Number of protein chains: 2
Amino acid sequence: MKRLAILGSTGSIGQSTLSIVEQFPERFQVAALAAGRNLDEAYAQAVRWRPRVVSVGSEELAGRLAPMLSKAGVGGIDIVYGTSGTVACSTHPEVDFVVSAIVGVAGLEATHAAILAGKPVGLANKECMVAAGEILTRAARERSVPILPIDSEHNAVHQCLRVGAHAEVKTIWLTASGGPFRQLPLEKFTAITPEQALKHPTWVMGRRITIDSATMLNKGLEVIEACRLFDLTPDQVHVMVHPQSTVHSLVEFVDGSIVAQISVTDMRLPILYALAYPERPASALTFDLAALRHLEFEQPDFERFPCLRLAFEAAYKGGAHCIALNASDEVAVEAFLAGRIPFMGIPGTIDKVLASTPEAHPATIAEVLAADREARQRARELIAG
Amino acid sequence: MKRLAILGSTGSIGQSTLSIVEQFPERFQVAALAAGRNLDEAYAQAVRWRPRVVSVGSEELAGRLAPMLSKAGVGGIDIVYGTSGTVACSTHPEVDFVVSAIVGVAGLEATHAAILAGKPVGLANKECMVAAGEILTRAARERSVPILPIDSEHNAVHQCLRVGAHAEVKTIWLTASGGPFRQLPLEKFTAITPEQALKHPTWVMGRRITIDSATMLNKGLEVIEACRLFDLTPDQVHVMVHPQSTVHSLVEFVDGSIVAQISVTDMRLPILYALAYPERPASALTFDLAALRHLEFEQPDFERFPCLRLAFEAAYKGGAHCIALNASDEVAVEAFLAGRIPFMGIPGTIDKVLASTPEAHPATIAEVLAADREARQRARELIAG
């Protein structure tokens, strides 16, 4: 029985994780839930799952949750809040496995604390790996703590890597749907509206990741994440546009063999894989191979998707540049969604923030968070003009 | 250093194996070569590779080879012949690994003897597995002798299986190019000539296997081979038509993940994999993923390719039916190439031979060979009318 801490339990990945727990009650138990501002859902989850500890976003929300649970006759649950609350969830002694699914750098401290406490981590939060990948993977290696990727692409790579040794890996190929603007002519990119950018062809996701898919910055973050997770150089990581999102990624070995992973586009599959690893429980998440007809592939266009180029530049520089890439993108995406900058203002902002970022390699989470705040500030100032 | 016995050294797989040995002199050495009737090539190989033992097809050929080698000043090579000669090669004490690449059941005894002697086998001879798979795999399991498939499809499956446990395999999907008649209307099948059938769209191979690809009997033999090699039921083995021959096979796991192997269509890659397993040496056999554009898949048509249906029937019955399938096909293909029966006479002959085959499970190689001879005899009689 694996006892889980779910960081970001009310979000999309958190809810999918709980649906997996529901399907496999003999394998998984919920020991800790860390939510944010969605109090009603946090309450409902606490009542349904009876964890040992629940964390919410603020002291005020924690103060409101306590009487709600008492009124429902639910006792024995510690109620905590904020960053220290999330850390209490991820390091709880009765937790065997931590699902890190808080969006953005907010989940960083709790994820780091989980690794320091020796807990295996299922990582759905790519910003953690982009901003602090060097720190997290070093800590994980020193303590032999597995980090299992929950992203569909990295999960696919993790599966394919089992076919050979690390030294035998030549390159990995992350597939990308190409987003809604894969075939849009370059001159029309300036007029892209938030409504158009929010329509993703194959995956239903949160707002920032949907925009990041449209700019392909998301794939760029995944390139950096892949370098960190799998100990590869940026030269070893390629992006392949694959509109059907059927092949989730490919690994090419030095002998010439390439191994690819295929599955339904449903996050429950990588979640189940990470939770049950190294076992594979039978699931109903079946891809109908008999109905497979054709798969298309093409090379990404770095001119129409400058975010991808910027991400590779950051990947080569590492450290502060990766932090700045992620931070400035988040600020720029918010500004784009608020109608304050055009679509191509997103790479424009990132480009300028990266250009003014000094080369540095933060060695602690506090330094990472400081560099993150500083980059956000520069991005805001640039956008405010 | 692995010291190899190459059974079928002058054939296509044998020569490709020698080209791999040439590329990796620090890894592989030639200890034994078993050739057939191509004396000049056997002589040239003996001179080039200086094995401990060379086998040729007959006493007469052995008698001619000895003075040729003496004249060239090449000594210290034992010259043997016939089935006992091939067995002497496959069981030679200085052999660490046996490449079984003699076409047809002729290589059966030597392959069985290699397994009994505890030698790992790289198997390029699918007829061995079809006719005597139950005997060979039992012997290999009892002695923990690995059998590494050199067929591109089974080699792909072997690679993909490393991604999970045997009990986690749901189905495997062997890809098939579909051969030259994939899109030919059914009514035109009766007029197919040997010349048309000998033109394979993606692989250059021997005559029988090329015709077997055109009837898809080859894929049927591979279904049976896969059942034996990977301990699967025929229900677990599917065929998928994939005209590009880029994806060599796929394995579907119970959790819903599917893993596929992609590579160039060059037999040297599966040979290198089998020889070096579990390592993957760097090779120049590179597939250009950046040039990948589209992959097509379709379900096989059992009406136009009745050989595939017959093979599944034989797979379910096992034993004597698998032997009869292979034996009657070989006889029928010869008759077709000689212009004595039409293309659809191949499945017609097999169907009748299978129908008159009693259910039986030969327990020794001698029984297998007797059943094989008997089925060939029935096929010849049927064709003679």
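A: We may begin with B:Glu134, which is partly exposed, at a relative accessible area of 25%. Please bear in mind throughout that this is a predicted model.

Q: With which residue does B:Glu134 form a salt bridge?

A: Side chains of opposite charge can pair when their charged atoms come close. Here B:Glu134 forms a salt bridge with B:Arg228, and 3.3 Å separates the closest N and O atoms. B:Arg228 counts as buried, its relative accessibility being 13%. Because B:Glu134 belongs to helix H6 (residues 126-142) of chain B and B:Arg228 to helix H10 (residues 217-230) of chain B, the pair ties together parts 94 residues apart in sequence.

Q: Which parts of chain B does the pair of B:Glu94 and B:Arg52 link?

A: The salt bridge between these side chains has an N to O distance of 3.1 Å. B:Glu94 lies in the loop between helix H4 (82-90) and strand S5 (97-100) of chain B, while B:Arg52 lies in the loop between helix H2 (39-49) and strand S3 (53-56) of that chain; the two are 42 residues apart. B:Glu94 is partly exposed at 28%, and B:Arg52 is partly exposed at 43%.

Q: How many salt bridges are there over all chains?

A: The count is 48. Some share partners: one network joins A:Glu127, A:Arg208, A:Asp212, A:Asp329, A:Glu330, A:Asp372 and A:Arg376.

Q: Which residues of helix H14 of chain A are buried?

A: An α-helix has 3.6 residues a turn, so residues three or four places apart point the same way. In H14 (residues 345-355) of chain A, the buried residues include A:Ile346, A:Thr349, A:Ile350, A:Val353 and A:Leu354. Their cover includes helices H9 (207-215), H10 (217-230), H12 (306-317), H13 (319-337) and H15 (365-384) of chain A.

Q: Is strand S2 of chain A largely enclosed or open, and why?

A: Strand S2 (residues 28-34) of chain A is largely enclosed by the rest of the structure, because 6 of its 7 residues are buried. Strand S1 (residues 2-7) of chain A pairs with S2(A) in the parallel sense over 6 bridges, and A:Ala5 has A:Ala32 as its bridge partner. S2(A) also pairs in the parallel sense with strand S3 (residues 53-56) of chain A, over 3 bridges; there A:Leu33 is partnered by A:Val54.

Q: Through which helix does the chain cross from S1(A) to S2(A)?

A: The chain passes through helix H1 (residues 12-23) of chain A, in a right-handed β-α-β crossover. S2(A), helix H2 (residues 39-49) of chain A and S3(A) likewise make a right-handed β-α-β unit.

Terms used. Residues are numbered from 1 along each chain as its sequence is written. Chains are lettered from A and ligands numbered from 1 in the order in which they are written. This is a predicted model: local features need pLDDT of at least 70, side-chain atom pairs count only at pLDDT 80 or more; totals for chains, interfaces and linings use all residues. Side-chain values use heavy atoms; hydrogens and water are left out. A salt bridge is a side-chain nitrogen of Lys or Arg within 4 Å of a carboxyl oxygen of Asp or Glu. Helices (H or I, at least four residues) and strands (E, at least two) are DSSP runs, numbered from the N terminus. Buried means under 20% relative accessible area, exposed over 50%, partly exposed in between (1.4 Å probe, protein chains only). Contact means heavy atoms within 4.5 Å. Two strands pair if DSSP finds at least two bridges between them. A crossover is right-handed if, with the strands pointing away from the viewer, the path from the first strand over the helix to the second runs clockwise.
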